[in-house]
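Subject: Structure handover

Hello,

Here is the structure for your files. My notes follow below it.

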Amino acid sequence: PLLAMSTPEEETTQTDLLSEAQVAALHEESRWFYRYRKFHTLPETPISPTIIRQWFQMFIGFHKRFPGPAGVTVTDVLPPSITPEGPNVPLRIYAPDSAGPASTVPVVLFLHGGLFVAGHLDNDHAYCMALCAALNAVVVHVDFHVPPEHPYPAPLDDALAALTWIVEGGVAEAGGDPSRLVVMGSSTGGVVAVALSVAWRRSPISLLVLLTPVLSPDMNTESYRECHNSFLCPRSQLAWAWKQFLLRFEDVSAEKRQFVLSPDPQSLPK
């Protein structure tokens, strides 16, 4: 096999990681999320894309509890594919109301998480609004296709299509300046963000931001072992998710395989 993904030996039963006093000391949003996650845990087995997607759908309710700030204009767009055979990639654009065609604010391309098989524009809606307002930047949230229906490299190809649309003037009306470009990946979107940053050749990426990223399918690293019973996502579930992501990895070009298995750190934005 191209990937040696070991089966975790440890049990993955969820446990209470915090005392009630510690939970009470958390920020309101973190406290609500902790309690929500405790009573809406993913089943250990069997697991399936349908179960994961239903679970992530519940999190839309979490985000709606904390609506984004005012002063942000949200627009859904469907740019044409960059290749005749490629699918269209839905994008959601968040622009500061203070920006416009005459502005030159930074652009953040955002790639969501979702255990590789889930996640969509609504899951991180409030977060992207907050990013837009706090950074005074145009945020482009990419609704990339996910496995197992669309395994790697489909997510990377979608991210490349979105970035091509940005640098060719797609965010000009919103005031976005593609020469001030940030790529941001959250959770399993982190590996897509890294692959995108390595694969992109046309213009510089100013900054790469990774939020609790999932970056390697090697289940035997120190971080995977130490966090095997993670409250949010145990190692056995991540092993399953990686297998979905790399479902047809043997058909992927050697170059695109390298973007996932051994990206050159020197080629990443600083």
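Start with His 141. Its contacts (heavy atoms within 4.5 Å), leaving aside neighbours within four places in sequence, are Pro 90, Leu 91, Arg 92, Tyr 94, Phe 110, His 112, His 120, Leu 121, Asp 124 and Cys 128. His 141 sits in strand E4, residues 138-142. Its relative accessibility is 0%, so it counts as buried. The cut-offs are under 20% relative accessible area for buried, over 50% for exposed and partly exposed in between, with a 1.4 Å probe and protein chains only. Helices (H or I, at least four residues) and strands (E, at least two) are DSSP runs, numbered from the N terminus.

A word on the basis. This is a predicted model: local features need pLDDT of at least 70, side-chain atom pairs count only at pLDDT 80 or more, and totals for chains, interfaces and linings use all residues. Residues are numbered from 1 along each chain as its sequence is written, and side-chain values use heavy atoms, with hydrogens and water left out.

Next, the cysteines. The disulfide count is zero, taking a disulfide as a pair of cysteine sulfur atoms within 2.5 Å. Cys 128 is buried at 0% relative accessible area. Cys 132 is also buried, at 0%.

Last, Gly 175. It lies in the loop between helix H5 (154-170) and strand E5 (176-186). Gly 175 is buried, at 0% relative accessibility. Its C-alpha is 4.6 Å from that of Ser 103, 72 residues apart along the chain. Not counting residues up to four places away in sequence, Gly 175 touches Gly 100, Pro 101, Ser 103, Thr 104, Val 105 and Val 138.

Best regards
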